[in-house]
Amino acid sequence: MFDTKIAVVLRNNLAGWQKLNVTAFLMTGIAGRHPEIIGEAYRDRVGNLYNPLSIQPIIVLSADEATISAVHRRALERDITSSLFIEEMFATGHDAANRAVFAEFAPEDAKVVGIALRAEKKIVDKITKGATMQH
């Protein structure tokens, strides 16, 4: 049905609240970069209006530190723009601070806790190799 795939990969040692927080932040990046994935608004039977949601399924995966670093590296090697969340961003409180701390790191020393990407299915599968379904 879809030629593309959306995957979120989370580091497997995050607390529950961190997994949810990181997933939410990463998906805003995907939706911002690919607004075509957002469908029409929802209406219930009595006419209440609700926000539109993604038209495409989203897979959430889990990986250890080495695997999530490899996922990050593979995305860069294939020139796939991703959403990335690093550990140090948990200590900030707003967007400008997030971007400032993010800019202090390079791919080889970033402590990646989450990455999300949307690309052709086969490419996403190759990039996320080694990650497993999130429990």
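I took a salt bridge to be a side-chain nitrogen of Lys or Arg within 4 Å of a carboxyl oxygen of Asp or Glu. By that rule I find six salt bridges in the structure.

**Ground rules**

I am working from a predicted model, in which local features need pLDDT of at least 70 and side-chain atom pairs count only at pLDDT 80 or more, while totals for chains, interfaces and linings use all residues. Residues are numbered from 1 along each chain as its sequence is written, and side-chain values use heavy atoms, with hydrogens and water left out.

For accessibility I call a residue buried under 20% relative accessible area, exposed over 50%, and partly exposed in between (1.4 Å probe, protein chains only). Helices (H or I, at least four residues) and strands (E, at least two) are DSSP runs, numbered from the N terminus.

**Entry: salt bridges**

I looked up D125 and K5 and found that their side chains meet in a salt bridge, at 2.5 Å from N to O. D125 belongs to helix α4 and K5 to strand β1, so this pair ties together parts that are 120 residues apart in sequence. D125 is partly exposed at 38% relative accessibility. K5 is also partly exposed, with a relative accessible area of 25%.

Next I took E88 and K111, which form a salt bridge with their closest N and O atoms 2.9 Å apart. E88 sits in the loop between β5 and α3 (95-102), and K111 in the loop between α3 and β6, so the pair ties together parts that are 23 residues apart in sequence. I noted E88 as buried, with a relative accessible area of 17%, and K111 as partly exposed at 39% relative accessibility.

I also checked R99 and D95, whose side chains meet in a salt bridge at 2.8 Å, N to O. They are four residues apart in helix α3, which means that about one helical turn separates them. R99 is exposed, with a relative accessible area of 52%, and D95 is partly exposed at 49%.

**Entry: nonpolar core**

For a nonpolar core I used a set of buried Ala, Val, Leu, Ile, Met, Phe, Trp, Tyr and Cys residues joined through side-chain atoms within 4.5 Å. The largest such core has 32 residues, and V9 and I115 have the most contacts inside it. Elements giving two or more residues to this core are β1 (4-11), α1 (16-33), β4 (58-63), α2 (65-77), β5 (83-86), β6 (112-120) and α4 (121-127). β6 supplies the largest share, six residues. In soluble globular proteins, nonpolar side chains tend to be buried together.

What does V9 touch, leaving aside its neighbours within four places in sequence? Counting contact as heavy atoms within 4.5 Å, I listed L61, S62, A63, I68, V71, V113, G114, I115, T128 and A131.

**Entry: strand β1**

Seven of the eight residues of β1 are buried, so this strand is largely enclosed by the rest of the structure. I counted two strands as paired if DSSP finds at least two bridges between them. β1 and β6 run antiparallel and are joined by seven bridges. In this pairing I found I6 opposite R118 in β6. With β4, β1 pairs in the parallel sense over six bridges. There V8 stands opposite V60 in β4.

**Entry: aromatic rings**

I paired rings of Phe, Tyr and Trp (its six-membered ring) if their centres lie within 6.5 Å; planes under 30 degrees apart count as stacked, over 60 as edge-to-face and the rest as tilted. The count comes to three aromatic pairs. One of them is F25 with F85, a tilted pair at 6.0 Å centre to centre and 55 degrees between the planes. F25 lies in helix α1 and F85 in strand β5, so the pair ties together parts that are 60 residues apart in sequence. F25 is partly exposed at 44% relative accessibility, whereas F85 is buried at 3%.

The rings of F85 and F90 have centres 5.1 Å apart and planes at 50 degrees, so this pair is tilted. F90 is partly exposed at 22% relative accessibility. I put W17, F25, F85 and F90 down as one aromatic cluster.

**Entry: T67**

I located T67 in helix α2. T67 is buried, with a relative accessible area of 18%. Its C-alpha atom is 8.4 Å from that of T128, 61 residues apart along the chain. Leaving aside neighbours within four places in sequence, I found T67 in contact with K129, G130 and A131.
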